[in-house]
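Subject: Structure handover

Hello,

Here is the structure for you to look through. Please open it first, then read my notes beside it.

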Amino acid sequence: MSNLPEWTDLRFFLELARSGTLSGTSRRLSVEHTTVARRIDRLEQQLGTTLFDRSREGYQLTEMGLSLLPHAEAMESAALAATEQLAGIQVSARGLVRLGAPEIFGTQVIAPMLVGLLNEHPDLNIDLLLLPRFANLANREADIGVMLDPPSTGRYMVTKMATFRMYLYGSKEYLARHPPIREHADIARHEFVDYVQDRLASSELNFFDELGFTPRRRLCCTGMMAQCEAAAMGLGLVLAPPYAVRNHHNLVPVLEDQFHAERSFWLVAPVDLYRLQRVRVVWNLLREYADKNLPLFKNDETEIEFSRTRKSFE
């Protein structure tokens with residue numbers, strides 16, 4: 001029994017596997033980086049194997065480290081579940097949930113809906129991560145992610161949250177000053193606001209590829225919120241979902257019955273974290289909200305498609 005590793009050493013192992021650096025692990029665990037190194041050395045000595053390859057770039061798991069990872073994650077999951085159960089957390093969720101989401105969706109849709117949830121669960125806290133990319137769930141940057149590309153490997157709970165459409169919008173002032181748009185071919189004569197092409201967080205953000213021509217991009221931004229602001233000021237046309245423009249009353253749809261791009265948001269959470277009450281409470285809120293607020297995602301409510309299948313990729 002004396003050869004069994006301590007759980008606290010496995011916690012250091014997990015955090016180092018996720019962050020890849022001593023400094024990152026020390027910040028997460030609020031200890032000195034020398035303490036992290038010492039704990040990892042002790043764990044490797046106890047197990048009689050090398051768990052990490054050390055380099056200037058950081059720490060990478062060896063083959064043996066990768067073998068240990070799912071067992072350490074299972075122990076972490078059991079410890080978290082036991083803590084919740086012993087604390088009697090059955091009705092009211094408690095603790096911190098980190099939720100990663102696209103900037104404008106998180107700002108316009110998710111942030112307002114969280115107010116009611118937090119009032120209902122006074123011991124629940126949420127960190128809403130509005131990143132210029134999608135949250136990295138593999139290194140536990142977030143507990144839940146709203147993303148365009150569901151993972152194809154790893155132990156995750158994955159469900160389609162909503163299928164949404166991107167429509168062309170232009171400000172009334174812009175449309176009044178430029179040639180009329182009566183059919184798809186007319187769009188080619190106009191200017192556009194789009195994403196910075198070499199900074200795309202996902203290939204799914206190549207919305208304008210579906211126009212059938214190379215658009216004249218006057219302004220490119222890494223976030224859709226800035227794109228909508230620029231389009232509202234009359235700089236050019238923008239492709240956006242209905243929820244992104246609902247506060248811009250001077251943005252009107254263009255050829256909405258002839259052209260749109262369609263994408264899907266997916267909810268993703270590591271399997272071990274999904275079992276936790278506090279994570280499921282946030283997960284369920286997002287699913288239920290999407291089901292009840294269909295016009296946010298498409299202008300034609302009758303054509304909305306949702307997948308109600310929840311599955312686990314393992």
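Start with helices H5 and H10: H5 passes H10 in a right-handed crossing. Please keep in mind that this is a predicted model. H5 covers residues 103–120, and H10 covers residues 277–292. Their axes are 11 Å apart. The packing angle is about 120 degrees.

H2 spans 22–29 and H3 spans 33–47. Their axes come within 8 Å and cross at roughly 105 degrees. Angles of 65 to 115 degrees count as roughly perpendicular, so that is the label for H2 and H3. On the H2 side, the contact is made by Leu-22, Thr-25 and Ser-26. On the H3 side, His-33, Val-36 and Ala-37 take part. This contact of H2 with H3 has three nonpolar and three polar residues, and no charged ones.

Next, the backbone. Most residues other than glycine have a negative phi.

Ser-30 sits in the loop between H2 and H3. Its phi is near 55 degrees, a positive value in a residue other than glycine. Is Ser-30 buried or exposed? Ser-30 has a relative accessible area of 67%. The cut-off for exposed is over 50%, so Ser-30 is exposed.

Arg-140 also has a positive phi, of about 60 degrees, and is not a glycine. You will find Arg-140 in the loop between strand E4 (124–130) and strand E5 (144–147). Is Arg-140 buried or exposed? The relative accessibility of Arg-140 is 12%. Buried means under 20%, so Arg-140 counts as buried.

H7 itself runs over residues 224–232. Its buried residues are Met-224, Gln-227, Cys-228, Ala-230, Ala-231 and Ala-232.

Then go to Met-157. Met-157 belongs to strand E6, residues 156–171. Its relative accessible area is 11%, so Met-157 is buried. Met-157 and Asp-272 are 115 residues apart along the chain. Their C-alpha atoms are separated by 9.1 Å.

Last, the whole chain. How many helices and strands does the protein chain have? There are 10 helices and 12 strands. The chain has 314 residues, and 48% of them count as buried. The accessible surface comes to about 15700 Å². Carbon and sulfur atoms hold 49% of that surface. Finally, take the contacts with a separation of 6 or more: 73% of them are between residues 24 or more positions apart.

Best wishes

Conventions
Residues are numbered from 1 along each chain as its sequence is written. This is a predicted model: local features need pLDDT of at least 70, side-chain atom pairs count only at pLDDT 80 or more; totals for chains, interfaces and linings use all residues. Side-chain values use heavy atoms; hydrogens and water are left out. Helices (H or I, at least four residues) and strands (E, at least two) are DSSP runs, numbered from the N terminus. Buried means under 20% relative accessible area, exposed over 50%, partly exposed in between (1.4 Å probe, protein chains only). Contact means heavy atoms within 4.5 Å. Accessible areas come from the Shrake-Rupley method with a 1.4 Å probe; for residues, only the protein chains shown count as cover. Axes are lines fitted to C-alpha atoms, for helices over the stretch in contact, and angles run from 0 to 180 degrees between N-to-C directions. A crossing is left-handed if the near helix is turned anticlockwise from the far one by less than a right angle, and right-handed if clockwise. Angles under 35 degrees count as roughly parallel, over 145 as roughly antiparallel, 65 to 115 as roughly perpendicular and the rest as oblique. Ala, Val, Leu, Ile, Met, Phe, Trp, Tyr, Cys and Pro count as nonpolar, Asp, Glu, Lys and Arg as charged, and the others, Gly among them, as polar.
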